[in-house]
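Visitor: I have a structure to go through and would like to ask about it piece by piece. May we begin with the terms?

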Amino acid sequence: MISKFIFNNQYLFDELPEYDKDLLLKAMKTKNYRKNEAIFTDGTKPNGIYYLNAGKIKKYKVDNDGREQIIYIYSSGEFFGYSAILSQESYGDTTSTLENSVISFISKDNFLEILSQSSVFSGLLLKSLSHEFSVMANLIAVLSHRTVRERAALSLLILHSKYKSNNIPGEEVLISLSRVDLANMVGTARETLTRILNDFKQEKLIKSEGRKIQILDFKELMNIANFY
């Protein structure tokens, strides 16, 4: 059974008091990133944290054979890259953009100063970090014990949550992810993923056009993913 908390989106900035928001806004330097552009890489030292204004970011590890395993996807409204600063360690993974993105950077010194002034911000970051680690732990467990079909169903459900807008009820959510990235998230070969997606289409669980995927039958996908 898979816990439902893995679908909670984080919008920490919106939960902050105005004073705390002002501290962060004054420290932020915003930059546009192109699709597939790296933000930080495994083994490098952190010099600040990031806030995703718009776009999608993948967090992944690379194995000894050079294969990617996507372990988390950030969507707009999330901070990232701060766990390495809090633990005083190098980055343990790599992040890069899945699409054109707008990202704000806060230097390490400014980040630590704001943390010392804002108990609300530090508490929300701990909440976010707990959520992120919970998602990663669930995915690792799923990758270890589930079939590829189950993993594909779960990944589509997670992605639907990441691509929807909380402020638009009843919207048509389109998951826009390359088949390579989706295969790396599921933990399988692209050819195997393509066969499973074709099966899902024939079963009328999803529809797709190009790289875009829309879920049609949430209930059955949840059954396949063993999600309750």
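Guide: Contact, or touching, means heavy atoms within 4.5 Å. This is a predicted model, in which local features need pLDDT of at least 70, side-chain atom pairs count only at pLDDT 80 or more, and totals for chains, interfaces and linings use all residues. Residues are numbered from 1 along each chain as its sequence is written, and side-chain values use heavy atoms, with hydrogens and water left out.

Visitor: Which residues does Gln 214 touch?
Guide: Leaving aside residues up to four places away in sequence, Gln 214 touches Glu 172, Val 173, Leu 174, Leu 205, Ile 206 and Lys 207. Gln 214 lies in strand β11; strands (E, at least two residues) and helices (H or I, at least four) are DSSP runs, numbered from the N terminus.

Visitor: Is Gln 214 buried or exposed?
Guide: Gln 214 counts as buried, because its relative accessibility is 15%. Buried means under 20% relative accessible area, exposed over 50%, and partly exposed in between, with a 1.4 Å probe and protein chains only.

Visitor: What is the order of the strands in the open sheet?
Guide: The order of the 3 strands is β9-β11-β10, with antiparallel pairing. Two strands pair if DSSP finds at least two bridges between them. β9 (175-176) and β10 (206-209) are at the edges with a single partner strand each, so one side of each has no neighbour in the sheet.

Visitor: How many bridges join β10 to β11?
Guide: There are 4 bridges between β10 and β11.

Visitor: Changing topic, how many residues does helix α6 have?
Guide: Helix α6 (residues 148-163) has 16 residues. From first C-alpha to last it reaches 22 Å, close to the expected 22 Å; the expected span is 1.5 Å times one less than the number of residues. Of the 16 residues of α6, 14 are buried, so the helix is largely enclosed by the rest of the structure.

Visitor: Which residues in the largest nonpolar core touch the most other members?
Guide: In this core of 30 residues, they are Leu 156, Leu 159, Leu 182, Leu 197, Phe 200, Ile 206 and Leu 221. A nonpolar core is a set of buried Ala, Val, Leu, Ile, Met, Phe, Trp, Tyr and Cys residues joined through side-chain atoms within 4.5 Å. The elements giving two or more residues to this core include β5 (68-75), α7 (179-186) and α8 (190-202). α6 gives the most, with 8 residues.

Visitor: And the aromatic pairs: how many are there?
Guide: The structure holds 10 aromatic pairs. Rings of Phe, Tyr and Trp (its six-membered ring) pair if their centres lie within 6.5 Å; planes under 30 degrees apart count as stacked, over 60 as edge-to-face and the rest as tilted. The pair of Phe 40 and Tyr 50 is tilted, because the planes are at 35°, with the ring centres 5.9 Å apart. Phe 40 is in strand β2 (residues 38-40) and Tyr 50 in strand β3 (residues 48-54).

Visitor: Which residues do ring pairs link into a cluster?
Guide: The cluster consists of Phe 40, Tyr 50, Tyr 72, Tyr 74, Phe 80, Tyr 91 and Phe 105.

Visitor: Where does the charged end of Lys 31 sit?
Guide: The charged end of Lys 31 sits over the ring of Tyr 33, 4.8 Å from its centre. A charge sits over a ring if NZ of Lys or CZ of Arg is within 6 Å of the ring centre and within 35 degrees of the ring normal.
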